[in-house]
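Welcome, and thanks for taking a look with us. Please have the sequence and the 3D view at hand while you read the notes that follow.

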Amino acid sequence: MAVLLMLSGASDRPEAVLDSLAFLDHRTIAGPPRAESVLRHPEADVVLVDARRDLAAARNLCRALAAASPELPLLPVLTEGGLAGFSPAWRARDFLLDTAGPAEVTARLRLALLPRSGAGEAVSAKDQPIRASGIYVDASTYTAQVHGEPMNLTFKEFELLKHLVQHPGLVFTREQLLHEVWGYDYFGGTRTVDVHVRRLRAKLGPDQEQLIGTVRNVGYRFVPRDNGREDARQSD
């Protein structure tokens with residue numbers, strides 16, 4: 001269990017900024033959006049900055065915090081629209097969307113808490129970056145690109161894309177994808193797989209959507225292009 005410090009001028013309840021926190025076991029505390037709040041809460045393992053309303057102020061706060069405590073994990077909480085203003089200039093380790101579900105929040109916090117000096121050893125072989133047919137997937141940072149352009153994926157869209165790209169040409173039934181991507185404790189129907197595949201294809205774009213192929217009456221597979229073969233797995 002980690003101690004999460006939420007810096008927000010809008011609410012003194014961290015769950016009001018990021019409601020998924022109410023479903024997690026982490027201890028949450030709140031403070032005003034000022035750099036000295038970190039000094040008042042030295043027990044904090046991660047600092048979350050409410051960046052939903054004032055991007056400029058949140059960015060300046062993140063930069064000040066990063067300068068004062070460079071090893072302290074720092075994640076701004078952004079709206080989907082505000083994500084366009086997020087950049088390396090914020091000096092934040094990662095970010096969270098205010099609509100992120102508990103599973104995504106847990107995954108990003110787990111990555112943020114990895115020691116930077118040992119992060120490379122903590123990433124397993126199966127989570128090494130993958131390049132295939134213009135798609136780049138990095139499980140260590142939960143980022144994906146298509147021909148160099150970032151893809152704005154939800155947590156499950158990312159996990160589905162990663163799983164398919166990791167197994168080029170292999171056909172998965174909808175039931176298999178539910179078990180391997182959503183987990184055995186998921187009780188929804190296979191329709192959710194079709195919905196996520198449709199969204200993934202839309203985000204890949206018309207020139208790349210055929211990379212996720214449909215096998216009639218069976219399921220889906222990743223279909224790499226013959227004229228653009230790259231190593232399926234390549235670490236930087």
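## Around Thr79

Thr79 has a relative accessibility of 25%, so this residue counts as partly exposed; buried would need a value under 20%. Do keep in mind that the model you are viewing is predicted. Thr79 sits in the loop between β4 (74-78) and β5 (96-97).

Which residues does Thr79 touch, leaving aside its neighbours within four places in sequence? Its contacts are Arg52, Leu97 and Asp98.

## Helix α6 against α7

Now turn to helix α6 (residues 155-166) and helix α7 (residues 174-182), which pack at an angle of about 115° with their axes 10 Å apart. Angles of 65 to 115 degrees count as roughly perpendicular, and α6 and α7 are therefore roughly perpendicular to each other. Their crossing is right-handed.

On the α6 side, the contact is made by Lys156, Glu159, Leu160, His163 and Leu164, and on the α7 side by Leu177, Glu180, Val181 and Trp182. Sorted by class, the contact of α6 with α7 has five nonpolar residues, three charged and one polar.

## Helix α6 against α8

Helix α8 (residues 191-204) packs with α6 as well, at an angle of about 85° and with the axes 10 Å apart. The α6 and α8 helices are therefore roughly perpendicular to each other.

From α6, the residues making this contact are Lys156, Glu157, Leu160 and Leu161; from α8, they are His196, Val197, Arg199, Leu200 and Lys203. The classes in the contact of α6 with α8 are four nonpolar, four charged and one polar. If you colour the two contacts of α6, you will find Lys156 and Leu160 listed both with α7 and with α8.

## Aromatic pairs

How many aromatic pairs are there? The count comes to four. In the pair of Tyr142 and Phe158, the ring centres are 5.2 Å apart and the planes lie at 45°, so this pair is tilted. Tyr142 belongs to the loop between β7 (135-138) and β8 (143-146), and Phe158 to helix α6, so the pair ties together parts that are 16 residues apart in sequence.

Are Tyr142 and Phe158 buried or exposed? Both are buried. Elsewhere, ring pairs link Phe86, Trp90 and Phe95 into a cluster.

Notes: Residues are numbered from 1 along each chain as its sequence is written. This is a predicted model: local features need pLDDT of at least 70, side-chain atom pairs count only at pLDDT 80 or more; totals for chains, interfaces and linings use all residues. Side-chain values use heavy atoms; hydrogens and water are left out. Axes are lines fitted to C-alpha atoms, for helices over the stretch in contact, and angles run from 0 to 180 degrees between N-to-C directions. Helices (H or I, at least four residues) and strands (E, at least two) are DSSP runs, numbered from the N terminus. Angles under 35 degrees count as roughly parallel, over 145 as roughly antiparallel, 65 to 115 as roughly perpendicular and the rest as oblique. A crossing is left-handed if the near helix is turned anticlockwise from the far one by less than a right angle, and right-handed if clockwise. Contact means heavy atoms within 4.5 Å. Ala, Val, Leu, Ile, Met, Phe, Trp, Tyr, Cys and Pro count as nonpolar, Asp, Glu, Lys and Arg as charged, and the others, Gly among them, as polar. Rings of Phe, Tyr and Trp (its six-membered ring) pair if their centres lie within 6.5 Å; planes under 30 degrees apart count as stacked, over 60 as edge-to-face and the rest as tilted. Buried means under 20% relative accessible area, exposed over 50%, partly exposed in between (1.4 Å probe, protein chains only).
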